[in-house]
Structures are given as structure tokens and as C-alpha cells.
Protein chains: 2
Amino acid sequence: MDHLMSPADEGRQNSRHRVLIIGSGFGGLFAAKALRREDVDVTIVARTSHHLFQPLLYQVATGILSEGEIAPATREILRRQRNVRTLLGDVVDVDLDSRTVTALAPAGITYTVGYDSLIVAAGASQSYFGHDEFAEHAPGMKSIDDALELRGRIFGAFELAELETDPAAAERWLTFVVVGAGPTGVEMAGQIAELAHRTLPGDFRRIDPRQARILLLDGAPAVLPSFGDRLSTKALRQLHRLGIEVELHTTVVGVDSTGIEVVDGTGTRRRIETMTKIWAAGVAASPLGKLLSLGSGAETDRAGRVMVEPNCSLPGHPEVFVVGDMMSLNRLPGVAQVAIQSGQHAAGQITRRLHGKPTGQPFQYHDKGSMATISRFSAVASVGKMRLSGFLGWMLWLAVHLLYLVGFKNRVTAALHWFVSFIGRGRSQRTITIQQIFARTILQKVAQEEAARLEASQSR
Amino acid sequence: MDHLMSPADEGRQNSRHRVLIIGSGFGGLFAAKALRREDVDVTIVARTSHHLFQPLLYQVATGILSEGEIAPATREILRRQRNVRTLLGDVVDVDLDSRTVTALAPAGITYTVGYDSLIVAAGASQSYFGHDEFAEHAPGMKSIDDALELRGRIFGAFELAELETDPAAAERWLTFVVVGAGPTGVEMAGQIAELAHRTLPGDFRRIDPRQARILLLDGAPAVLPSFGDRLSTKALRQLHRLGIEVELHTTVVGVDSTGIEVVDGTGTRRRIETMTKIWAAGVAASPLGKLLSLGSGAETDRAGRVMVEPNCSLPGHPEVFVVGDMMSLNRLPGVAQVAIQSGQHAAGQITRRLHGKPTGQPFQYHDKGSMATISRFSAVASVGKMRLSGFLGWMLWLAVHLLYLVGFKNRVTAALHWFVSFIGRGRSQRTITIQQIFARTILQKVAQEEAARLEASQSR
């Protein structure tokens, strides 16, 4: 069914300025909020019905938080803002000439929404640097789907190791490789270590989860390079203390169901036998970036991000803004704060034009700092000229994340879950679905390969 | 890989009595717990790594609780009970002669476990009364997978109704049919009504969630028939007050992606247009029941449950017990309390034999009562000769469920979530994965049908 009279076009009757926002992440949500007092019709079109608090995704993957706590419904967050409507849809086309956007929704619903101003905040997905075939074996950390898939794989690996009689196979299940030593990778590796050393030991009878090997790989010469030398060194020391094997200068050249192939700093190629691979390495901007570039002639960078004007607008299209992870501007990093502030800046530019004020003010990023928690009670934080590590860094991490979590009740339950996980040893959210554990591609693949190997050895 | 030296057989060296339990539901878990002081080796083989608190599954489906709260890891519950080991596996064969059980695990792992005593507590799945093709369109309410699937369908239906421009299509998305007016069906219908009337109204701009139609169908002449006439009437009145259309004497004869066909009390066949169908009608015992019956000559009833001896043992096999939803004995209902008590009884029989005491004591069920909550602040409860309804019934429901939830922290967070949902209007757990909303079979089916219809109308 094709909706020619699209839901968002109904608002057209009153001829208010129509702002269309693509995406409900940090960029899109904060752009919408910044328009709350304006006499405009805001429409958000997003591929998920939730806003995702991505910095805590690793905690869903490792059983600390439930998905509801970091992914509340977007329309619930914005229910009191009556000038916003939220539509579920995967944007497949942006027509810059007719100023319309076409989206695809489930059940064959397609619709077109017109706009006067457009904010594109569709974010980024994981990049495998041209090796998309790695994705099947090494899921990324970009969506709730990813986090739940990884939760199933991580807890499932211990379950299956417990069943193995072959020590080599058990070891393969107990080896976890995290690729990418940025904040996400460091936090993920740290939490798997906490799981193996604090949460799981008493739960098993045959295996000792403390025997798990956790490897953190990166092609760069340091972990958390963006935090500066001092914090990077502290983080590395903390990772070592957790028993994590950090391999720097190491590039991944192959991934399959039972292992990973790397080239290390000495140029040697070798294989690591591991069933659980987690990809936290590169990002690629939404394909809408390419689409906008084709339509406008704007350039994109290596990660597919759109090179925007200093005020975040699309070259030649002052009515279109590209923000957050999709925007290439002044080498700004792909972090939540950039998305929030650029979304707000775009909204501000639209407001100024509506009020007849001059636009074109360049986007100025206020770096509020960055932080990464490595284990309980220990984090590194870089705020302005301040460099914090250890317990002090962790307290700051705790305060900032509680502050930024959306919704009072999510803050309360998250605080409670943190209490349980950090003071205690438990993980409240370990549930694996039957589908995750029994129907996973990787496991079926392994089964097939094992069967083929068995058959081959028997026919010999 | 075939494990001839199975994990559970290692314990054989010390020649302790081996108790094997199939299933980690109420029957299996409480049987294992009842053996905590005995000098035996207990092995639990289960298809999920969690114990499921099934009576609250409908709250996961309607966004009140997270899956972790009602499905904690079995090995975590039993971690301090050192005579128990937990193995993940789907039992595919029970050999009563050699006293071994064969299980299938993910990744092609197959293993065989020997036993001296066996407790079969594999539970039941949904029965579609010979119409398994209904399952695709009308998921049951038996597993975490079911609950998350239904969560996606229920919240997704409102999302998609918001996109529809065709009023008939929107109405179809806003019609919810629950089949089966036992406790699960009544509680489910009640919670969808609460969602439509209290949680969602402010969230949407085009549709009014209060316009949702909620139908509760049953072939029987009453809702909650097992609660007796007085409570049944009270429950019916309460359901009507919530705006739920209750259609009794009504049998479902067809289910497809866009509707349901029923034959009502007057014998009239008619169609109800609805995208969201929930099956809470019949149960069928695990196929292991049939397997045991073939192996032992024991009879099974219409639901596939095994007709056991008065002490829950399999006829001719005093070392094998069948408990809970798989057991057919004295017309006992398929409720948690029967599973718990029969599991404990089986464990007691095993203990008596080990201690050289006579066995064969018949299982005596102590009915602790039953209860169903219809909406916030209102439940019906039948305890002994007491019949409670309204707020008093609800207080009892609250107390009992908090008491029986496994784990202190789950009690705390569940209480918090209940506070949020019952005193407030929120639902903390509304998250739908991309896969649920975009890749659902039903929705793809609809898309295909719509496309075919469109094509047919265009070619005319």
C-alpha cells in the first residue's frame, strides 16, 4: 500500500514549517527537543521505535542492564512535546528537489513525507573495512539486536564449554576476542573479564570460568588513543590487571566460525582459536550519506560521512542538515556529545531562519570530556584539562551516566542493577532466548563444519 | 561431536546415586532443591539456560517486566547446591532399558547421560488442537521467546496503526484477539486494555489507542471456570468494565495473517479482522510423554500427558517419575503448584528408597489456591474456602508473586516495575528489536499478500 497522503502531510493544512528528522538517536532526539518551543511541525522518522543510549550497550550485552533501560520508546520520551510526531520507517530515499523523503515500514507500508527543513541524523553502523563477511562471525555493537545477540553468544559460550569433553574445544569456547580498543572495546573486554572472574565461577562444575582468555586487539599502538598518553597507559595497566591480553599493532585479516586470523606487530600471521568474536573497530555512516552526496554533489569521507558546511548544512542545500555520526566536520569524533550538540545546532539554525535572523553560524563543539569504565570502581576520564583515573574516574562515570540516562525510572533501576553488579557479583539480565542459543547461524555453521569434518575423516 | 564420556558420567567414579532431571521449570527446579541435603549426584538437562517463572510471562509480553526478572539462569539459582550440575540440552531420547538419556545441544554437540533415578519435568507447549498452522499467526505464551515475540507484535501494532491512512487497515492493527479465557488469557487481555487506556494514549498523534478493540474468546461458557461461579462472574464484570469484549461459547476455526474465523454460540461462522492474535487456549505435554509411553507401555491422555502411578512414577518403572504439566493424575490442573509439589514428591520418593524406606506413597496435592489479576488493583483469588476479589484479591496476588519470584534482587526490581506500571502509567520494557519489527514472518506475509492484491487490481 502506498501512502500518497502521508501522515506527516496532514499538518500541511495549517502551513506551519515542517521539520523532518531522520533518526531517533542522540542527534535526532536532541534536535527535536531543541524545537519544543517553536511553532513548527516536527516529524521523526526512525528505523526503531526506541531511542538508544548507545554508550551502555555493552552492559546489555554482558547482562547488567535490561534493554528497556537503555532503549525507551521515542514517542514516550516525546509524548508531552505536542509538536512532534514519531513515525516508524526505514528511509530509503531523499529527494532534495521535491523536498520529500520516502520510508519503508513493516507489513509493506511505504510512505512519503514532505519537509521544509530536514535534519539527517541516521547515525552509523559497524564497518568491517571491506570485509562484510566478518559480520556473521563477529557481531558489532551498534543496536539492541547486536547487544542481545552478543549476550546470547557470551553466556552461551560458557554453557557450551561446560558440555565439551574435548579440552581444545572447551578452550575455544572460553576464548573471547574483542576487536577494537576504543571505549566500547575496552569496556566490553573489561566486563567479560568481570563476568569470568566474579560472576560465573561458582555457577559451573566442570569448567572454571576464570580460565577464560580475553583478548583485546587493535591495529593502533595504544588503547583509548583519544584519551592521551597518561590515561591510555593507566587503562592498559588496568586491563592487564584484569587478566586481559592486549595485543596492539595487530590487524585482523580473517574471521571464521571457530577463529580469527591476525597479523601482529612483527608482521607474523597467526590464528587465534575462538568461538566468540566481538567487533568494536570501525564505523561506517548510514548509506543515506552516499545518497545525499549523489543528490547534492557533496563529498563524503572514507567512512561515508558527508562533508558539511561549517553550520552542519549540506552544501548547496541550506535547508538540509547532516549531524552526528553522519557528519564529517573538523575531524570531530563520532561520540554522543557531538551528535547531541550538532543536532541542537541544526535545530537552532532552523529556528533562526524562521525568526528572520541570519544563519550560517559555524558549529562549535564544546568537548565535555570523555570517559571509559574498565572494571567496577575504575574508570578513566578526561574532562577539560583534568585527567581522572581509578575510583575518582569511576564516580564521575557513574554520575554522568545516571544523569544522561533518559527517564527517572530508568535511572533508578539502572542504579539498582549497578549496585547488584558492582557491589554484589550478580548479573540480573542473563536470559538467552531459545532462538538465540539454538538457531544461531554461527552454531549451525559449526555443526555443519564438524559434520563435514567427521564425514571426511570417516571416509578416509 | 559425540560425547561418549558424558559430563554427567564423570560422577560415576564415586558411585553415588545419579538423579537425572529433565527440565528446569517449576517441577525440575523444586525436585533438584528437594535433593539438596542428599548424598546424590543431580544433573539437570534443560532446553533453556534459565528457569522460567511462567505465571508472569504476560507481563514481559506487555512491557512491565524485563525477561531477566522472570527468567534467571538456572545454574545461578542452584550455584550453592554443590550436588547439582546443570547442562544445556534438548532431550531427544530416553532409553528406559539402558537408563540413559540423549540430548542435543547447539553447535552439533550431542551427549548421553546415565541415571539411576529419572525425573521427567519437560512441561508443556501450546496446543492448537490439531491446527498447528495457527501458531505462525497466533503465538502462544509458553516461553521467553513467545513473550518477546508478542511484545514486538503488540507494541508494533500500535506503531503501524499510526502509519495507516486506510481506516480499515488501522482498525485491523488496533484489534487484539486473545484466545482462551483461563488465567493467562484473562491477564493478557486485561494488560492490553491497560496499555491501550492508560499507557499509550498520549504517545500517538493520529490514532487514539483507547479506540483499540480487545476481544477475549473461549469455547467454554465462562471465564476462569476453575475459579467457581462467583469469581467467574466478578471477573467477567471486571473485564467488561475494562472495555474488553468477551465472547464465550466461541470456537476458533481459522487463523490467518489479517484475521480470525470463529463459530459463535449460535453456530454462526464469522470473521474478525485483526493483525494481533494471542493463543492462550490449550496445552500439549512435551513429546517426551509419547516417547516414555512407547518405551513403557504407559498410556497418555488427550493432551499427551503420561498416566502415572499414584506416586508419580512411570508404570513398570519405579525409578522414573513424570511430574508437572507432563503428568496425568487425578485430573490435576497444569499449574505451578502441581509442578512444584509433584517434583518435590518425586524427589522424596527417591530419597526414601535410598534410605531403605518403603516407597509408593501417593502424591497428595495441597491446593494453595489460584489467582488471576485482571487489571491494576483488581484480582480474583480462590484460596481454600476463601474467595477474594477486587483490591483485597490484588494485594494477595502481589504478596504471593513477590514471595515466589526467584531471587531477592528480582523481587526488588519487579516491585519497582509494578510501582511504575500500576501507580504510574509507564511501561519500562517496551523495546522492540529491529528483527522483531522488520523481519517478522507475519508482516512479510502481509506485504506479499498486499503486493499480490495490488498487482491483481492493477492488471485488471
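In this predicted model, 75 residues from chain A and 75 residues from chain B make up the contact between the two chains. Together the chains bury about 6,700 Å² between them, with 58% of that area coming from carbon and sulfur atoms. On the side of chain A, the residues that lose the most area to chain B are Arg75(A), Leu163(A) and Arg205(A), which together give 12% of what that side buries.

**Pairs across the interface**

- There are 9 salt bridges between chain A and chain B.
- A salt bridge joins the side chains of Asp203(A) and Arg79(B), with an N to O distance of 3.1 Å.
- Polar contacts link 31 residue pairs across the interface of chain A and chain B, counting pairs in which both residues have pLDDT 80 or more.

**What chain A brings to the contact**

- Several elements of chain A each give two or more residues to the side that touches chain B, including helix 3 (67–70), helix 4 (74–77), strand 4 (84–88) and helix 5 (144–163).
- Further along chain A, helix 12 (408–423), helix 13 (434–438) and helix 14 (441–459) also belong to that list.
- Helix 5 of chain A supplies the largest share of this side, with 8 residues.
- Sorted by class, the side of chain A that touches chain B holds 31 nonpolar, 22 polar and 22 charged residues.

**How the two copies are related**

**Salt bridges in the whole structure**

- Over all chains, the search finds 44 salt bridges.
- One of them pairs the side chains of Arg16(A) and Asp41(A), at 2.9 Å from N to O.
- Asp41(A) sits in strand 3 (residues 40–46) of chain A and Arg16(A) in the loop between strand 1 (2–3) and strand 2 (17–22), so this pair ties together parts that are 25 residues apart in sequence.

- The model scores ipTM 0.91 and pTM 0.92.
- Chain A has an average pLDDT of 91, and 92% of its residues score at least 70.
- Where pLDDT is low, the predicted coordinates should not be read in detail.

Definitions and conventions. Residues are numbered from 1 along each chain as its sequence is written. Chains are lettered from A and ligands numbered from 1 in the order in which they are written. Side-chain values use heavy atoms; hydrogens and water are left out. Contact means heavy atoms within 4.5 Å. Buried area is the accessible area (1.4 Å probe) that two parts lose on being put together, summed over both. A salt bridge is a side-chain nitrogen of Lys or Arg within 4 Å of a carboxyl oxygen of Asp or Glu. A polar contact is a pair of N or O atoms within 3.5 Å; within protein, one must be able to donate a hydrogen and the other to accept it, and residues adjacent in sequence count only if both atoms are side-chain atoms. Helices (H or I, at least four residues) and strands (E, at least two) are DSSP runs, numbered from the N terminus. Ala, Val, Leu, Ile, Met, Phe, Trp, Tyr, Cys and Pro count as nonpolar, Asp, Glu, Lys and Arg as charged, and the others, Gly among them, as polar. pLDDT is the predictor's confidence in each residue, from 0 to 100.
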